Amino acid sequence: QIVRKVGTPAVVLRTRGDRTFDEIPPDEISAMIRQLRKQSPSLEGEELLRSVLDHFRIKRMTSNIRTILTLVKDRTENQIGDS
């Protein structure tokens with residue numbers, strides 16, 4: 001269970017810091033995707049995934065990272081479409 005003060009955002013975007021990619025919560029990646037799409041609505045595909053990696057200062061797109069980013073991106077886009 002997560003407890004936060006009333007009025008605080010559910011997800012706080014942070015820099016990666018000393019976290020590995022696997023330690024970044026999917027909801028934080030999703031929030032980053034939303035923010036990037038809000039700033040640049042035409043941002044899609046590979047360019048969107050690379051922009052997410054740039055935010056978290058990750059240089060290499062491994063197959064594992066690509067899979068996770070694609071799953072989170074698809075889930076995010078489905079949530080946006082449902083709202």
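User: Which residues is Leu53 in contact with, leaving aside its neighbours within four places in sequence?

Analyst: Contact means heavy atoms within 4.5 Å. With neighbours within four places in sequence left aside, Leu53 is in contact with Phe21, Ile58, Arg60, Met61, Ile65 and Leu69. This is a predicted model, in which local features need pLDDT of at least 70, side-chain atom pairs count only at pLDDT 80 or more, and totals for chains, interfaces and linings use all residues. Residues are numbered from 1 along each chain as its sequence is written, and side-chain values use heavy atoms, with hydrogens and water left out.

User: What pLDDT does the protein chain average?

Analyst: pLDDT is the predictor's confidence in each residue, from 0 to 100. The protein chain averages 88, and 94% of the residues score at least 70. Among the elements (DSSP runs numbered from the N terminus: helices are H or I of at least four residues, strands E of at least two), helix α2, residues 45-55, has the highest mean pLDDT, 95. Helix α3, residues 63-82, has the lowest, 89.

User: Which residues in α2 are buried?

Analyst: Buried means under 20% relative accessible area, exposed over 50%, and partly exposed in between (1.4 Å probe, protein chains only). In α2, the buried residues are Leu48, Leu49, Ser51, Val52 and Leu53.

User: Which residues of the largest nonpolar core touch the most other members?

Analyst: A nonpolar core is a set of buried Ala, Val, Leu, Ile, Met, Phe, Trp, Tyr and Cys residues joined through side-chain atoms within 4.5 Å. The largest one here has 17 residues, and those touching the most other members are Phe21, Ile29, Val52, Leu53, Phe56, Ile65 and Leu69. Two or more residues of this core come from each of α1, α2 and α3.

User: Take Ile29. Is Ile29 buried or exposed?

Analyst: Ile29 lies in helix α1, residues 26-39. Ile29 counts as buried because its relative accessibility is 1%. Apart from neighbours within four places in sequence, Ile29 is in contact with Phe21, Ile24, Val52, Phe56, Leu69 and Val72. Leu69 is 40 residues away from Ile29 along the chain, yet their C-alpha atoms are separated by 7.8 Å.

User: What about the residues on either side? Which residues is Glu28 in contact with?

Analyst: Glu28 also lies in α1, and counts as buried because its relative accessibility is 3%. Beyond four places in sequence, Glu28 is in contact with Val11, Val12, Leu13, Arg14, Arg19 and Phe56.

User: At what angle do α1 and α2 pack?

Analyst: Two packed helices are described by the angle between their axes and the distance between the axes. The axes are lines fitted to C-alpha atoms, for helices over the stretch in contact, with angles from 0 to 180 degrees between N-to-C directions. The angle between α1 and α2 is about 115 degrees, and their axes are 10 Å apart. On the α1 side the contact is made by Ile29, Met32, Ile33, Leu36 and Arg37, and on the α2 side by Leu48, Ser51, Val52 and His55.

User: Where is Arg57 found?

Analyst: Arg57 is found in the loop between α2 and α3, just after α2. The phi of Arg57 is near 55 degrees, a positive value in a residue other than glycine. Arg57 counts as exposed because its relative accessibility is 67%.
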